[in-house]
Number of protein chains: 2
Amino acid sequence: MSHTHDLAGFLAGLRYADLPESVLLRTQELFLDWLGSALAAQGAHPIPLFEAYARHMGPASGPARILVNGAGSSAYFAALVNAASSHLVEQDDLHNSSVLHPATVVFPAALAAAQDLGKSGRELLLAAVAGYEAGIRIGEFMGRSHYRIFHTTATVGTLAAAVAVGKLMEFDSEQFINLLGSAGTQAAGLWEFLRDAADSKQLHTAKAAADGLLAAYLTRDGLSGARNILEGEQGMAAGMSRDAEPALLSARLGSRWALLETSFKFHASCRHTHPAADALLEVMQREGLEHGQIARVLTRVHQGAIDVLGRVQVPQTVHQAKFSMGTVLGLIAVHGKAGLPEFQRHGLNDPRVAAFRDKVGMQLDPEVDAAYPARWLGRVEVQCVDGRTLHGAIDEPKGDPGNGLSRAELEDKFQRLLQFSGARTPEQGNALIRRVWALRDAADLNSLL
Amino acid sequence: MSHTHDLAGFLAGLRYADLPESVLLRTQELFLDWLGSALAAQGAHPIPLFEAYARHMGPASGPARILVNGAGSSAYFAALVNAASSHLVEQDDLHNSSVLHPATVVFPAALAAAQDLGKSGRELLLAAVAGYEAGIRIGEFMGRSHYRIFHTTATVGTLAAAVAVGKLMEFDSEQFINLLGSAGTQAAGLWEFLRDAADSKQLHTAKAAADGLLAAYLTRDGLSGARNILEGEQGMAAGMSRDAEPALLSARLGSRWALLETSFKFHASCRHTHPAADALLEVMQREGLEHGQIARVLTRVHQGAIDVLGRVQVPQTVHQAKFSMGTVLGLIAVHGKAGLPEFQRHGLNDPRVAAFRDKVGMQLDPEVDAAYPARWLGRVEVQCVDGRTLHGAIDEPKGDPGNGLSRAELEDKFQRLLQFSGARTPEQGNALIRRVWALRDAADLNSLL
């Protein structure tokens, strides 16, 4: 278990002063992006069910804030509801090579615990970095075989959330080892729900954040956990992976900042659709194509895209439409983008989008698959009505670190997220943006929101 | 998913009037046995950690009762703490062929929800039967390969607890399908903690009961779940089993009452030690042997015993001693029994027990392994100091349905459990026994405890 030991030692030793300026800046950007994703879910099914559960089972008030309704509760329920919220509109961040959505599990747990424990903005940022660095490495360790069946953001997300809260509690190496044990043995979340467009994706992130937080509070008070939950003979990899690589747990700790590799989502759809969406956009813009000129689109994809997207033929809900490659490309082709308003207005009801959807196929591409998950290549083959065959290709989807969003683009995305649900006015949005950009100077997090 | 469909239909249709008298009587006995197990944990690590968590995160009062401290809370936290409590002293029941401890997950969830929802004793009994019948079949379905890595009581227990609460809520077949989806996608719990004698066993049952209850409340309010979480391509069996048998999910529903096959625990140790313990007791009594006359004991066991017990050589805690075949047989040989007081007084500190422990070995036995998990055969080979080799054998450990505990024995065990922790006086214990035997006439469950 040397790799787990090294990881725990790194987490215990990490100090705010160690964080490069680029990491601090990006963490604030990721936090803003997460906050917008959470607020965008206000009022949308199934979030009110989680709010009702918190009211029924939790305290009537408390130090931690439920974002979509402003209510105070205990840290456990704030983490639960906020994590459900921030994964709903499919606009939260993604780390490519781990296939982990870190923000939606790390920030809900860290923010709720920071509010509960009276921590500062700097402590929140440090905790979030710890959660990202650990979660991303554990996701990479669990490998592609894990992701075929398990929703990594749910399983590994439990550990990422736990680490963030453990860092707020200033755990030492021994406590981090126990914490990973208690978080890892709660790790759960299966992809089976996708076929039915069921509500489990929000349940997964809700539980990952809340369970991780629970593990941290119990560890703080003295609960012991398995010392080798990741690598052990009856641990996570043994039970839920066939290609785990222990060395990835501790590779380049402190020199590689995995958080910086996290992608912002540009399209409001499953990240597996983004490379093809960008590649289609590229070829249509380059060739000046209209959707009516296209007879067929073959997307050349990695296996993970087929596993996650392959089961949706005709989407039944807006959320499921975000997992339909044909619908996403239809929105791109017909409306030029696949943002929240496009999904809401045209994702299910536009006959042109539906017609385009049926022209789209997916095929496993060895080159794309070999590059994945480190790189998410976009390759499309477009057959035109006039008989031409055209190719679109992008190597870094919009939002990837090499093709990122500027602060202005992030602020614009944030405001569009607030506008989508009506959770805040543009003025309120601006005030939030200012406070997030000043996060490292916040003495506490109670007045932040 | 026909088997899941059939199971959901059975659960929805099950009526109190359908339950045979033998099932009703046994359910009350199982409830008493569970109640004693929960109260026996009062004050023992790590239960106070869970109590503190409930106080910190939950409401200050509520309709559901935390057994070890008498506090009122919400159903979620009562289920959490009571399930942690009832799996601590290793005296709760076990179903052989599913290798599931049903009581410790079904009753905490069902009782907490029944108190929250104002249900009657009959409704509680019906709910418990539903939880047992579903949980046992799902455990059998998941198979032996699942149990090698995963703690079935944690994983499958989540679904068993959910079903019990769903039955209290009078779910229809459609709701049960969604409920299984939302519970199954939360199923977690790895055996890795055993090597370190970590506290995860209580975390597992706590989370199984609480998560199952959460799934039921959210399903009631409209959360959808995967429709085929058990049998689907990205479901529980796909991710966590290699020998799942779907037909076991629906076999003999309504004609076979699996609850009646549940074993009561006689020794206060891991159930995998019981067959060998009884076989050793048998040969020692038959031959009039003392422990000093024994040079070596070879226990012939099923593979599951080696998987669960094989990693403990020298136990470091009383709880770990319950997973040490040598310690259990040492207590039997030296003290004639392996109950709670024997473990507490002699499990770690008696040099005669420690010396006997080192004489005990385990060996896989094809006959025993082939019979498992339907039958838990006990076979020991005893080499005496005088050179004789003697054999002990039992086919049904004490507590198995064919070798069960009488009501008098159950009442005696219950009183010993209360006495062990001092949670209740014998008089209070008698009052509780009377109320449990009258459970089917209780209009509500608030005055029960």
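**Close-ups of a predicted two-chain model**

**View 1. A buried glutamate in a loop of chain A.** Glu90(A) is found in the loop that runs between α4 and β3 (94-95) of chain A. This is a predicted model, as are all the views that follow. Glu90(A) has a relative accessible area of 1%, so it falls under the 20% cut-off and counts as buried. Its backbone is worth a look too: phi of Glu90(A) is near 60°, a positive value in a residue other than glycine.

View 2. You'll find Glu170(A) in the loop between α7 (152-168) and α8 (173-184) of chain A. With a relative accessible area of 56%, Glu170(A) is over the 50% cut-off and so counts as exposed.

**View 3. Phe171 and Phe176, ring against ring.** Across all chains, the count of aromatic pairs comes to 30. In chain A, the ring centres of Phe171(A) and Phe176(A) are 5.7 Å apart and the planes sit at 70°, so this pair is edge-to-face. Phe171(A) and Phe176(A) are both buried. Over in chain B, the ring centres of Phe171(B) and Phe176(B) are 5.8 Å apart with the planes at 70°, so that pair is edge-to-face as well. Phe171(B) is buried at a relative accessible area of 2%, and Phe176(B) is buried at 0%.

View 4. One cluster takes in Tyr53(A), Tyr76(A), Phe77(A) and Tyr217(A) along with Tyr53(B), Tyr76(B), Phe77(B) and Tyr217(B). Tyr53(B) is also one of the buried residues of helix α3 (residues 47-57) of chain B.

**View 5. Helix α3 of chain B and what covers it.** The buried residues of this helix are Ile47(B), Leu49(B), Phe50(B), Glu51(B), Tyr53(B), Ala54(B) and Met57(B). So what covers them? From chain A, the cover includes α4 (75-86), α5 (103-117) and α9 (200-221).

View 6. The peptide bond from His45(A) to Pro46(A) is cis, with omega near 5°. Pro46(A) lies in the loop between α2 (21-39) and α3 (47-57) of chain A. In chain B, the bond from His45(B) to Pro46(B) is cis too, with omega near 5°, and Pro46(B) is in the loop between α2 (21-39) and α3 of chain B.

**View 7. Looking around the axis between the copies.** Rotating by 180° with 0.0 Å of shift along the axis puts chain A on chain B, with an RMSD of 0.0 Å. The two copies are thus related as by a two-fold rotation axis. In chain A, the C-alpha nearest that axis belongs to Pro59(A), at 2.0 Å. As for the interface, 100% of the chain A interface residues are also interface residues in chain B, so the copies meet through the same surface.

**View 8. Charges sitting over rings.** In chain A, the charged end of Arg407(A) sits over the ring of Trp437(A), 3.7 Å from the ring centre. In chain B, the charged end of Lys322(B) sits over the ring of Phe343(B), at 5.5 Å from the centre.

**View 9. Two domains of chain A and where they touch.** Chain A is split into domain 1 (3-265) and domain 2 (271-394). Taken over C-alpha atoms, the two domain centres are 30 Å apart. The contact draws on 22 residues from domain 1 and 19 residues from domain 2 of chain A. Residues 6-247 of chain A are 62% helix and 2% strand, and the end C-alpha atoms are 10 Å apart. Residues 267-438 of chain A come out at 48% helix and 15% strand, with end C-alpha atoms 27 Å apart.

**View 10. An exposed asparagine in chain B.** Asn349(B) is in the loop between α15 (340-346) and α16 (351-357) of chain B. At 61% relative accessibility, Asn349(B) counts as exposed. Leu230(B) is 119 residues away along the chain, and the C-alpha atoms of Asn349(B) and Leu230(B) are separated by 45 Å.

Key. Residues numbered from 1 in each chain as written. Chains lettered and ligands numbered in written order. Predicted model: local features only at pLDDT ≥ 70, side-chain atom pairs only at ≥ 80, totals over all residues. Heavy atoms only, no water. Phe/Tyr/Trp six-rings, centres within 6.5 Å; stacked < 30°, edge-to-face > 60°. Buried < 20%, exposed > 50% of the residue type's maximum accessible area, 1.4 Å probe, protein only. Lys NZ or Arg CZ within 6 Å of the ring centre and 35° of its normal. Least-squares fit on C-alpha atoms with pLDDT ≥ 70 in both. Contact = heavy atoms within 4.5 Å. Helix = DSSP H or I, 4+ residues; strand = E, 2+ residues; numbered from the N terminus. Domains from an automatic or database assignment.
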